[in-house]
Amino acid sequence: MTTAISAPSSADVIATFKRYVVPNYGRYPICLARGEGSYVWDAEGRRYLDFFPGWGCNLLGHCPEPVVRAVQEQVATLIHVPNTWYTEAQGEWAKALSERSFGGQAFFCNSGTEANEAAIKLARLHTPKQRYKIITFTGGFHGRTLGATSATAQPKYHEGLGPLMAGFVYAPFGDLEATTKLVDDETAAIMIEPIQGEGGVNMPPEGFLAGLRRLCDENNLLLMFDEVQTGCGRTGNWFAYQKFGVTPDVMTLAKAVCGGVAGGALLTTPEIAPSLRPGMHAATFGGNPLAARAGIATLEMIEQENLLENGLRLGELFQQRFTELAEKCPLISEIRVAGCMIGVDLKVEGAPAVQACLERQLLINCTHGHVLRLLPALNLSVEQAHQGCDIIADVLQRMAA
Ligand SMILES: *Cc1c(COP(=O)(O)O)cnc(C)c1O
């Protein structure tokens, strides 16, 4: 397939955006037109190797065939019906997620921030009336609605938005003692990303998550893991909590959960689930048949193609490549890897490296100012992984020279 001659150029598309689209995103001046696996093409037909497909949503690369097929079949059968009815697809999707996690029940929505809003409401509804506070962590990221923004302990996201939603208390990520001191008889829950994504691919210190589990058990708090970025196979486990052997009471998912189609979910135990009682929470499009079929196809493809194992192997490859590079390149301060979630912490700003990679037709991301973040597809080939690493190595070595 080639781009039709009559298709608009990137410049045409950008002109339309300037006139008609709210300018709330920083965008590269490129219009992407189609994708396949870990490659994506722009309107001019230039091909890019994508180490950050769909901002972490395209866990199986662009247009994975089983997801495409599942959606194509479903879209011609039933696109959407409200949650006043049952659909086979939603039930099967909930079952598939439950069987791969802690045997819980699912509430479906359409995005990560919505899943976290549901978690926040569930924490308040499930615990005694005077309990409303939720402890979250510095460097965390939970989404852009006002509740989730209030849960996000990063001042840069709060500027000009106040007053924020009351009831969030911030603890330093990794500091169990400080967290313990923040618990009082108004505390309902602790909400945390088991590995911080947007905050820079930050790993929890040894024993920290287990300590939070104990703290929650001792004080009757809900432990809520935001696995919007880490979930569904990203780290080489179905869910990151499994890597650490610490099971939450509530888990939120989105990004990769439908293999690139919009979707979100909250999972919780059958004991806690009824607290989200009829009339107290809803999402009109939540668990719609298209998202559900895409979600099921995503889980099945990961299984059928052994992609969890592949994700772990790719993680080792990236760890090795960047460790070797760090020995030669003084710009790297630390490398943090969990399967296909990779952070390369630099001693300098990362934006120039992202730009240089873009010029070499490799798409990566920089977060927290100085952390190069890669969220490659689980089915990236070893050859593609090396090609991208070669480019990053060359870019960083030139920057250091
Ligand atoms: C991306 C992200 C969110 C927000 O998800 P949206 O779908 O953009 O609302 C929430 N939490 C984490 C950990 C994320 O990475």
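Q: In which loop is the place of Pro 163?
A: The model is a predicted one. Pro 163 is placed in the loop that runs between α5 (146-151) and β6 (168-171). The peptide bond that joins Gly 162 and Pro 163 is cis, with omega at about -5°.

Q: Which residue other than glycine has a positive phi, and where does it lie?
A: That residue is Trp 55, whose phi is near 55°. Trp 55 belongs to the loop between β3 (47-50) and α2 (65-75).

Q: How is the protein chain divided into domains?
A: Domain 1 takes in residues 10-63 + 306-400, and domain 2 takes in residues 66-304. Between the C-alpha centres of domain 1 and domain 2 there is a distance of 25 Å.

Q: What area is buried between domain 1 and domain 2?
A: The size of an interface is often expressed as the accessible area lost when the parts come together. Here, domain 1 and domain 2 bury about 2400 Å² between them, and carbon and sulfur atoms give 64% of that area. Leu 60, Leu 308 and Met 341 supply 27% of the area that domain 1 buries against domain 2, more than any other three residues.

Q: How many residues are in contact across the two domains?
A: In domain 1, 27 residues are in contact with 32 residues of domain 2.

Q: How many salt bridges and how many polar contacts are found between domain 1 and domain 2?
A: Polar contact, however, is counted for 12 residue pairs between domain 1 and domain 2, with both residues at pLDDT 80 or more. On the side of domain 1 that touches domain 2, α10 (307-328), β11 (332-338), β12 (341-346) and β15 (371-374) each supply at least two residues. By class, that side of domain 1 has 17 nonpolar, eight polar and two charged residues.

Q: Which residues are around the ligand?
A: Among them are Ser 111, Gly 112, Thr 113, Asn 116, Asp 226 and Gln 229.

Q: Which atoms of Thr 113, Asp 226 and Gln 229 lie 2.8 Å from atoms of the ligand?
A: For Thr 113, a backbone N or O atom lies 2.8 Å from an oxygen atom of the ligand. For Asp 226, a side-chain N or O atom is 2.8 Å from a nitrogen atom of the ligand. For Gln 229, a side-chain N or O atom is 2.8 Å from an oxygen atom of the ligand.

Technical notes. Residues are numbered from 1 along each chain as its sequence is written. This is a predicted model: local features need pLDDT of at least 70, side-chain atom pairs count only at pLDDT 80 or more; totals for chains, interfaces and linings use all residues. Side-chain values use heavy atoms; hydrogens and water are left out. Domain bounds come from an automatic or database domain assignment. Contact means heavy atoms within 4.5 Å. Buried area is the accessible area (1.4 Å probe) that two parts lose on being put together, summed over both. A polar contact is a pair of N or O atoms within 3.5 Å; within protein, one must be able to donate a hydrogen and the other to accept it, and residues adjacent in sequence count only if both atoms are side-chain atoms. Helices (H or I, at least four residues) and strands (E, at least two) are DSSP runs, numbered from the N terminus. Ala, Val, Leu, Ile, Met, Phe, Trp, Tyr, Cys and Pro count as nonpolar, Asp, Glu, Lys and Arg as charged, and the others, Gly among them, as polar. A residue is near a molecule or strand if one of its heavy atoms lies within 4 Å of it.
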